[in-house]
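Take a look at the sequence and the model, then read on.

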Amino acid sequence: MPGPYPEIQGGGSLILAWQVRNKKILVVGGGEVAAGRIVNVLNADAKVTVVSPRSGLNDEVAYRVEQKQVEHIDRKFEPSDLDGVDMVLAAVDDPEASTQIYKLCHEKRIPANIADVPPECDFYFGSVYRDGPLQIMVSTNGNGPKMANIVKRRIASSLPSNMGTAIQRVGILRKKLRKIASAPEEGPKRMQWMSKVCEQWNLKELCEMTEEDMDTLLGFYESGTVPSLEAVRLREADGAYDASTPYDKVDFKTLATKDQAFGIIWRESEWNLNFQDPATCKALTQALLKADFGLELDIPDDRLCPPLPNRWNYVAWVEALIEYTSPDYTLGYDPDRKVVGLDIGTGATAIYAMLLLKTRTNWSMCVTDVDKKSFDYAARNLALNKLLTRTTMLQTTETMDIIPLKYLGVNKLDFTICNPPFFNDEAEMAASLEGKNKTSKPSAICTGAPVEMVCEGGDLGFAKRILEQSLLLRERVTCRWISTCDGKTAPKAASGSSLKTYGIELIGARRRGEETK
Ligand SMILES: C[C@@]1(CC(=O)O)C2=NC(=C\c3[nH]c(c(CCC(=O)O)c3CC(=O)O)Cc3[nH]c(c(CC(=O)O)c3CCC(=O)O)/C=C3\N/C(=C\2)[C@@H](CCC(=O)O)[C@]3(C)CC(=O)O)/[C@H]1CCC(=O)O
Ligand SMILES: NC(=O)c1ccc[n+]([C@@H]2O[C@H](COP(=O)([O-])OP(=O)(O)OC[C@H]3O[C@@H](n4cnc5c(N)ncnc54)[C@H](O)[C@@H]3O)[C@@H](O)[C@H]2O)c1
């Protein structure tokens, strides 16, 4: 029966990473073996002296002497050479001299390696693989040096070529972290957080981590969380990811330089975009999604083209709501917390689901839509952005529950998000889009189809249906937050008395324009 602790095997060597920086190392001999030893110790920043008659130096050792990488004593070994020396490496073709050197070192308690004479070695060399800060040494404990070399090569070939760089980046991050969390009692938290970074980020991401990324990442140390590199970058991008800053100003000029298709429209419009032109709205949304979120979108001509700033502000608000009301009240983004949301009536662009999935890489989404064309496009767009695997899709019918948990196969939702149909009927929709009873037409063209825009009771009717269904589900599921995009009548009605009749308080609403709803 094996014991509870590691079994002692005995007969090995103590493998260490000996720090010889600025220590004095004497190399006796200047042949081929000495040349190899010199490389090893210079790589460890030691101060090296070589004692050997000049006539015995091979080309490589002569080069090191010439380059002043080592000091040279041009004669045979003498006992006084050992004065003030921290380590001796002998590689001479004279067994008597070897034994004398070893004996003297032993007396003076100077650690020594006498090449090829294991009984006269305080330590053996091993076969070493080096990639930047990474060193791997293989030892066969004197059994088969050639085998050590073979094993080393096999290990090296199995390692990715960027391993050394990744380790070097981690080293810089650790240094920075120790600066901001220097107290000794921070130790365990610091180490846990560093381990998390190394486990959660892959080698490529660690290699690509810039100093700016590190500084952003370190901002999460306090909360003990580790966001993905993607999330770190988004946070850096133009502040678009920062939920506290509404995304209401778009710099068209800069966008035109980043996106070719939008650039053409921008120049053709002579720097005055025509928002009544569907192609313009489409190109703008596509360019913004690409530039700010790295998302690709295929938008059909006869379905809603989502205005991005508006949509993102709502999504950012929902993200903040979820994160600042986590069950354990830890603030901020927690990559270990699994969050599941439902996008009701996701539309052809699945815009809410895509923004949520892209900016919260451990969340998953359920999406529904009653319209086949929108549903198919949503699937295509999610697949295009490799977000389909984190999405459960369900094409619903008019008679189905708005929150069809049973069919989605989930028993817990953290939130619902929704862009409700705004109009009671098509006549109301047509009148509104033409700007009837208003001082001016809507500022941008609406390409939405009736199936997206119309339902009984309009947005308020839709919101009420969501609310009633979620109340029925309250006992079974923990759907903590119901939200809908501010529409035409729902916010006013909601902030009035109707919610109160359900025993629910309107917890707040996001800013839009000058109004607070
Ligand atoms: C790893 C490496 C590091 C280095 O020296 O830098 C190293 N030897 C290497 C190569 C190598 N050495 C020899 C051959 C010929 C083939 C063969 O004999 O197998 C080859 C192969 C080649 O040249 O390719 C001959 C040899 N070596 C020793 C003896 C004496 C004995 O065993 O009794 C004899 C027999 C002499 C004879 O029979 O006459 C002794 C030692 N050599 C050690 C290290 C230590 C044990 C490390 C371990 O076991 O893991 C140890 C104990 C002491 C020491 O020197 O530190 C380096 C590979 C570098 C690389 O990776 O490229
Ligand atoms: N461990 C290994 O991997 C390994 C491999 C091959 C050889 N060896 C052994 O290492 C030793 C050296 O091998 P090499 O190929 O470098 O030999 P080499 O003949 O190329 O070099 C011998 C060196 O020792 C110097 N020298 C001789 N006597 C000296 C003294 N008294 N004081 C100072 N310098 C002196 C010579 O000037 C010469 O520079 C040999 O004993 C050899 O068997 C070890």
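## Ground rules

This is a predicted model, where local features need pLDDT of at least 70, side-chain atom pairs count only at pLDDT 80 or more, and totals for chains, interfaces and linings use all residues. Residues are numbered from 1 along each chain as its sequence is written, chains are lettered from A and ligands numbered from 1 in the order in which they are written, and side-chain values use heavy atoms, with hydrogens and water left out.

## The whole chain

The chain has 517 residues, and 43% of them are buried (under 20% relative accessible area, with exposed meaning over 50% and partly exposed in between, using a 1.4 Å probe and protein chains only). It holds 20 helices and 14 strands; these are DSSP runs numbered from the N terminus, with helices being H or I of at least four residues and strands being E of at least two.

Take the contacts (heavy atoms within 4.5 Å) with a separation of 6 or more: 66% of them are between residues 24 or more positions apart.

Strand 4 pairs (at least two DSSP bridges between the strands) with strand 1 (residues 24–28), in the parallel sense over 4 bridges. Here Val27 has Leu89 as its bridge partner. Strand 5 (residues 112–114) also runs parallel to strand 4, joined by 3 bridges, and Val88 is partnered with Ala112. Between strands 4 and 5 the chain passes through helix 3 (residues 95–108), a right-handed β-α-β crossover (with the strands pointing away from the viewer, the path from the first strand over the helix to the second runs clockwise).

## A buried phenylalanine

Phe415 sits in strand 11 (residues 415–418). Is Phe415 buried or exposed? At 1% relative accessibility, Phe415 counts as buried.
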